[in-house]
Structure formats: structure tokens, C-alpha cells
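Subject: The structure I promised you

Hi,

Here is the structure we talked about. Have a look at it first, and then read my notes below.

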Amino acid sequence: MKSNRLISLIIFLLLVTPLFPQEQVIRIIANADINETVITSETVRSIFLGKKVKWENGDQIIIVTLDAEAQVHEQFLKLFIKKTPYSFTNFWQIKLFTGKGVPPISFPTEEDVIHYVAATQGAVGYISASHSENDLENVKILRVINYPENG
Amino acid sequence: MNKWYRWFFYCTLFGITLSLSGKSVLSNLDVHGFVSQGFLKSNYNNYLVNSVDGSFEFNEAALTTSIRVSDNLRIGMQLFARDLGSEGNNNVVIDWAYGDYRIKDYLGIRIGKIKTPVGQYNQGRDVDLLRTSILLPQGVYQESMRDFILAFQGASAYGNLMLGILGDIDYECYYGTLNVPETDSNFWKNIFTGLQDTLTRQLPEGSTASVEKPDVTMKYVVGGAVKWNSPLQGLNLRGSYATGKLNIDADIQAVVPLMEIQPGLFLNNFMNIPLSAKIDVQHFYTLSAEYSHYNLTATAEYLIENYDFTIEGKKLNYKGEGYYFLTDYRFSDYFAIGSYYSVHYPRENDKTGDYPAKWGDPRCFAWQKDWCTTLRFDINHNWLIKLEYHLINGCGQVRKFDNPSGEIKENWMLYGLKTTYHF
């Protein structure tokens with residue numbers, strides 16, 4: 001009897017879990033001038049790996065990251081890019097020393113990232129979910145389709 | 001380039017390092033660089049350097065700049081100097097320099113001197129900080145071929161194609177002419193030594209033959225590379241292909257003894273034969289697979305190189321083969337370990353050494369099998385040290401002219417130590 005109840009509980013939990021969406025710990029932000037309001041997680045990956053370089057309106061995409069030591073940077077890379085901070089840095093160093101690209105600009109704090117994105121046409125970055133859109137001026141939060149599960 | 005230029009280069013590099021610490025001078029100008037110094041020691045067989053005695057003639061330095069001229073156009077250049085035994089001698093060269101015009105995500109154009117997209121590592125082969133090992137797997141990335149496949153002058157088209165649920169594809173195709181190594185380089189020395197040996201064997205006993213005044217012209221090179229980033233995160237498959245033509249003009253000087261006038265004194269016949277040769281690179285292709293999952297990377301790569309030599313109308317075919325399996329794991333920001341097994345056959349159809357044995361050379365010239373293990377320590381974000389151990393069977397890439405005593409061992413070991421500072 002006890003085991004039947006346990007099995008029922010497990011089945012119930014499995015059925016109910018998808019009803020509670022996973023908390024989104026990272027938000028993708030961009031300069032308010034771009035047309036996009038929605039972005040897929042695959043596109044986020046393409047952007048931060050330098051494969052997608054243009055927005056819909058033709059603006060050049062300018063990538064901004066947090067410094068390698070920042071916890072939010074590590075969370076972002078794990079979720080969206082599937083790389084460690086070390087392998088992400090190494091990826092851009094390969095591009096740099098073979099002439100295929102220049103590493104993204106990085107800042108020590110999320111406030112620096114927000115200010116840069118607000119002031120730079122085509123800029124895109126990420127911040128923790130503790131910031132709400134009301135706090136941001138000239139910056140939009142992009143809604144992410146296929147938000148990745150914890151990697 | 002003389003030593004004053006060399007000093008100027010190093011002083012500039014050092015000055016910029018101190019003053020900029022990797023930050024850009026202007027908002028859209030980037031300046032970066034690196035300096036590496038290595039040491040190689042083997043128990044037998046001089047390899048790449050005078051390794052039996054141990055050699056510090058193993059270093060690289062580079063200064064990279066790039067500037068975004070407009071939204072679509074970026075120009076950049078890398079100055080580079082290296083020393084590897086008798087190669088490089090720290091002469092400063094332009095490693096790559098080009099304009100890069102990105103029209104769309106799926107199409108960009110590069111024009112200038114461009115790194116050749118061959119295999120996983122060719123484009124970054126001189127940049128020690130980009131990998132765990134000191135020496136790249138020589139089964140595919142032979143040092144003797146480096147100058148020949150490193151970069152080309154011409155144009156390339158590249159881009160990224162999104163395939164939806166099938167992942168995406170990075171591609172690059174190119175046309176131009178290769179940076180043919182100087183005729184006194186070890187690359188040609190190796191080829192001409194082989195040719196001289198072959199010719200001498202055709203002549204009567206006691207004769208000698210030498211290749212004089214060689215002139216090499218690359219007519220063209222064309223090729224491409226495709227990398228499929230599969231939907232399975234971290235798995236990519238890559239293929240690269242190159243083909244081209246080059247002409248060699250040289251004089252063959254042969255000395256053939258006609259008769260012995262008195263003991264030890266010969267009447268010789270001196271012959272000077274103009275030689276015209278063509279090398280058709282039928283194909284030079286690589287296939288590879290790489291899987292990376294956070295701190296773990298595993299790579300396998302296969303190379304086939306196929307050349308037709310046409311010497312005075314007579315055609316000879318040469319086909320080499322190589323492959324390796326590599327894995328590395330990063331334990332933390334400070335420490336990584338890597339290992340690979342690399343195999344190279346200079347002649348794909350002779351894996352047991354029948355060809356060298358036919359000419360009285362050791363059979364082990366027909367292969368080189370290398371187990372390598374490397375420890376990498378990143379002292380901080382800018383400075384690293386590596387220790388490496390190779391257990392090698394065979395001497396397919398050991399050059400005879402580096403070992404004039406003729407004492408070649410089949411089983412040998414090579415140790416490496418290298419440090420790199422980058423910014």
C-alpha cells in the first residue's frame with residue numbers, strides 16, 4: 001500500500017512540474033533601437049559566438065559581457081553558450097590571433113553593462129533577473145524563446 | 001630582416017604590453033600579443049631542433065592589431081617572429097593582414113594574407129596559448145609542412161548558415177597563391193635531399209648529384225573548409241580540402257667518375273642538367289570530429305595528402321597519411337592535462353618500411369607514432385607554463401640532415417617545456 005502511494009506521489013509530481021516554469025535567472029538586454037523584442041536561445045548563442053553579426057534593422061551587433069570572474073557571466077555561459085568562462089575566452093582568443101574576430105567588450109559590474117548597452121547602438125548583453133525593465137532606460141529586455149534549462 | 005629590426009619589434013611589443021595591458025588605445029582599435037619561449041630535449045634523434053643536446057631555439061612572438069573602420073569593414077594585421085632550430089631565426093614577418101567585409105551573417109569577404117583553413121588547428125598553430133599541448137599532433141600538423149600551408153595571399157568568402165534543428169554550418173572557401181617557403185628553408189632542403197639521394201642512386205657507384213639554383217613558383221591554390229556544428233551541443237564535424245600547382249626549375253649537377261688515373265685520383269665527368277619539375281597537389285584534405293563538454297574536449301582528425309611530381313615528363317606519385325586522437329581536460333582555471341596519440345606515414349602504401357629498406361635506410365623512416373602527455377599551468381590570466389612528454393616509435397619525420405652521424409633510433413623520447421605571456 002505504502003509503495004502504491006509513493007508511486008502515485010511521484011507520478012503526480014512529474015505531471016505537475018511542467019506547470020511551474022523554471023525561474024529565469026538571466027535576462028538578455030539590448031539597446032532600445034533594435035526592432036527585435038523576442039529572441040531564441042539558439043540566436044543568443046549565435047550572437048555571443050560571433051556568428052550572427054547583424055540585427056533585423058541592419059545594425060551591427062555589439063556584444064557586451066561581464067568579466068570572466070563574475071558569477072552571472074558563468075551562469076549565462078552555462079545556460080546559453082554551453083561553455084565555461086575559460087573555454088569562452090579561449091574561443092575568442094582563437095578568433096583574435098587568427099584575425100577572425102575581436103573578443104567582446106567586458107565590464108566588471110551589471111550596471112556598467114546596462115549603461116554601455118543603453119548608450120551603444122546595436123549593443124546586446126545580459127544581466128541577472130534581479131533587474132526589472134522599469135529600472136532600465138533606453139534598454140529593452142528581450143523575451144527568450146526556448147529558454148534553456150539549467151545546463 | 002636584421003637584428004635592429006628584431007630589437008625594435010621586441011621593444012615595441014614590450015612597451016605596448018606595459019603601457020596598454022591589453023586595453024585598446026582608441027575605442028575601436030585593439031592591440032594584443034604574446035611571447036613564448038620553449039625548450040626541447042630528446043634522448044635520441046635530433047628532431048626539429050638540436051634536441052639531443054637540448055635546445056632553447058624554440059620561441060614565438062606576435063603583435064596583433066585590428067581596427068573597425070565601419071560597421072561592415074574591419075582591417076587587421078599580425079606581426080610575427082619565431083625560431084625553431086634553423087627555421088625562422090626570429091625574422092619578423094607579416095603573419096596575416098587583411099580587410100574583412102561582412103555583408104550578411106551568411107556572407108563575408110576577406111582579401112589579403114589569410115590563414116589557410118586546414119584542419120582544426122592550422123590557423124592557430126603558432127599560438128601556444130590556444131591549446132594544451134606544446135607540439136600539435138604531428139600526424140596531421142607536420143612542422144615540415146608549416147610554411148607551406150600556413151597562409152595564402154588572395155581572397156576568401158566565408159559565413160555561417162543556420163540550419164534550424166540541424167544546427168549550423170561555418171564555411172570558408174578561398175583562391176590565391178601560397179606563401180612558398182624560401183628555397184633554402186628546411187622544407188625544400190628535405191625535398192631536395194630526397195631528390196639528390198634518388199638521383200645519386202641512379203648513377204654509377206661513386207657519383208654524386210646535387211640540386212642547384214632552385215626556383216619555385218606557386219601558380220595557385222584553391223580550397224575550402226566546412227564545419228558542421230551539430231544539434232548535439234559541443235559536437236562538430238569538419239572537413240577541409242586544398243588543391244594547387246607549383247613549378248620548380250633547377251639545375252642538377254652530377255659528378256660521375258670515369259676512370260681512376262692513379263689510386264684515389266679520378267677523372268670525372270661533370271654534368272649540368274637543367275631540370276624542370278611540376279608538383280600538382282592533387283588533394284590535401286582533412287576530416288575531423290570534435291566533441292567538447294564544458295571542461296572536456298575530445299578530437300579525432302585524419303589527413304590525406306596526395307601529390308603528383310612531374311620531372312622531365314616522368315610522373316611520380318606521393319601520398320602521405322596521418323591521424324590522431326586527442327583529449328584534454330581542464331580541472332580548474334589553473335590546471336589542465338592533455339594527451340594524444342598521433343600517427344604519420346610519409347608513404348601511405350608503405351607502412352612497414354620496405355621503401356627505405358630498399359635504399360639501405362632504417363625501416364622506421366616509414367612511420368612515426370607519438371604518445372604525448374602535457375600538463376598546463378595557468379599561473380594567471382596572462383601567463384602559462386607547460387610540461388610535455390613524448391614517447392615515440394619510428395622516425396618518419398626525423399630529417400637525415402639534422403642527424404649527420406646517421407645514428408637513427410626507432411624508439412625515442414622527447415621532452416618539452418614552454419612558457420607564454422600574452423595580453
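(Helices are DSSP runs of H or I with at least four residues, strands are runs of E with at least two, and both are numbered from the N terminus.)

Before going on, some housekeeping. This is a predicted model, in which local features need pLDDT of at least 70 and side-chain atom pairs count only at pLDDT 80 or more, while totals for chains, interfaces and linings use all residues. Residues are numbered from 1 along each chain as its sequence is written, and chains are lettered from A and ligands numbered from 1 in the order in which they are written.

Now for chain A as a whole. It has five helices and six strands, and from the N terminus on they run α-β-β-α-β-α-α-β-α-β-β. Of its 151 residues, 32% are buried; that term needs 20 or more other C-beta atoms within 10 Å of the residue's own, with C-beta atoms placed from the backbone (12 or fewer is exposed, in between is partly exposed).

Back to H3(A), which covers residues 71-81. Its buried residues include Val72(A), Phe76(A) and Phe80(A). What do the buried residues of H3(A) pack against? The list is strand E1 (26-31), helix H2 (41-48), strand E3 (62-66), helix H4 (85-97), helix H5 (110-119) and strand E5 (123-128), again in chain A.

Phe48(A) sits in helix H2 of chain A. Why does Phe48(A) count as buried? Because 26 other C-beta atoms lie within 10 Å. Leaving out residues up to four places away in sequence, Phe48(A) touches Ile63(A), Phe80(A) and Ile81(A) (a contact means C-beta atoms, placed from the backbone, within 7 Å).

Next, the two chains together. The contact takes 17 residues from chain A and 27 residues from chain B. On the chain A side there are six nonpolar, seven polar and four charged residues. (Nonpolar covers Ala, Val, Leu, Ile, Met, Phe, Trp, Tyr, Cys and Pro; charged covers Asp, Glu, Lys and Arg; the others, Gly among them, are polar.) The predictor gives the complex an ipTM of 0.82 and a pTM of 0.84.

Last, a word on confidence: pLDDT is the predictor's confidence in each residue, from 0 to 100. Chain B averages 87, and 90% of the residues score at least 70, but pLDDT stays under 50 over residues 21-25 of chain B. Where pLDDT is low, the predicted coordinates should not be read in detail.

Cheers

Conventions. Contact = placed C-beta atoms within 7 Å.
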